[in-house]
Amino acid sequence: MLEKLRQQFSDVAGLTFEQEGALILTRVTNAQGQAVLTTHGAHLLSFQPNLSGAKDCLWVSKTAVYDGSKPIRGGIPICWPWFGPAPQEGLPAHGFVRSRVWQLVTAEALNEGLTRLRLETQSDDATLAMWPVPFKLSLTIEVGASLKVSLTSTNLSDQPQQITEAFHSYFAISDTDAMTVSGLEGSECHDKLTSAAPVTQLGDLAIKPPIDSVFLNQQGALSVTDSMWQRKFILQNTGTASAVVWNPGSEIVQGFADIENDAWPGMLCVEVGNVLENAIFLDSQSSRTMSMTLSMV
């Protein structure tokens, strides 16, 4: 497969392929930025704009597994067709597409210096055994000075279907104490750690781990400010109504075999999608797209 991809996309400037464990990594380099992704889960592992002194925007665990047995811990996994616990025992949390091998369908270098890739996956006997709905998913990735990811869901069944979905982004940060998240004000905050009654979010969110909060009916851009590294991530989103902020803190992290116990202060998940009561309904034979554009200032 590695050699096949190299031959198929040999004419695309700045596109290279390499092996990491059992996985194939695609490396994108252009005049504006660079990224790394794998066909395992259509999973982005790195994005770095070509700014002087810029660090990688994304965090990946040093103990992440690359043998294909589970999703890679970090980067931007895709949660679909459910977010959070599975609808029945024995199924994977956050859905099954982040553990599937997607097909890289197209890759092109655009005139404005961007690189665009499209990956696809669709239902088969394995997915129908877990979720009896024929579907097709397409992920478009544009790499430049910013990173844009767009997920298009197509319901191929003869009935309307409900899904929840998210880009489960892990950001590389200096320290959780230096972080604030803006753009959540007015949304409905559900604290998943305490199961307290929902409250309306007021003002910016300071990060005090552990935190696992879902913000429903969230509108507008999000900004994630790192005061120590003096940088800010801007998330411009379309087709989404939910945001999630997660960090396990010092105790919960010990339950994760693929996160080192002392790694939690250097990462923060700020996710966008459609979850809980913001679930979406797809009519038969219809499609819907959600997008996130990540910029760093």
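User: Before we start, what does "buried" mean here?

Analyst: Buried means under 20% relative accessible area. Keep in mind that this is a predicted model. By that cut-off, both W80 and W131 are buried.

User: What makes W80 and W131 an edge-to-face pair?

Analyst: Ring centres have to lie within 6.5 Å, and planes over 60 degrees apart count as edge-to-face. W80 and W131 come out at 5.4 Å centre to centre with 80° between the planes, so they pass on both counts.

User: Why does the W80 and W131 pair tie together separate parts?

Analyst: W80 is in the loop between strand 5 (78-79) and strand 6 (103-109), while W131 is in the loop between helix 2 (125-130) and strand 8 (135-143), so the parts being tied together are 51 residues apart in sequence. Ring pairs also link W80 and W131 with W82, F96 and F135 into a cluster.

User: How do you know whether Y170 is buried or exposed?

Analyst: Y170 has 3% relative accessibility, so it counts as buried. W246 has a relative accessible area of 11%, so it is buried too.

User: What makes K55 sit over a ring?

Analyst: The charged end of K55 is 4.6 Å from the centre of the W229 ring, and the distance limit is within 6 Å.

Terms used. Residues numbered from 1 in each chain as written. Predicted model: local features only at pLDDT ≥ 70, side-chain atom pairs only at ≥ 80, totals over all residues. Heavy atoms only, no water. Phe/Tyr/Trp six-rings, centres within 6.5 Å; stacked < 30°, edge-to-face > 60°. Helix = DSSP H or I, 4+ residues; strand = E, 2+ residues; numbered from the N terminus. Buried < 20%, exposed > 50% of the residue type's maximum accessible area, 1.4 Å probe, protein only. Lys NZ or Arg CZ within 6 Å of the ring centre and 35° of its normal.
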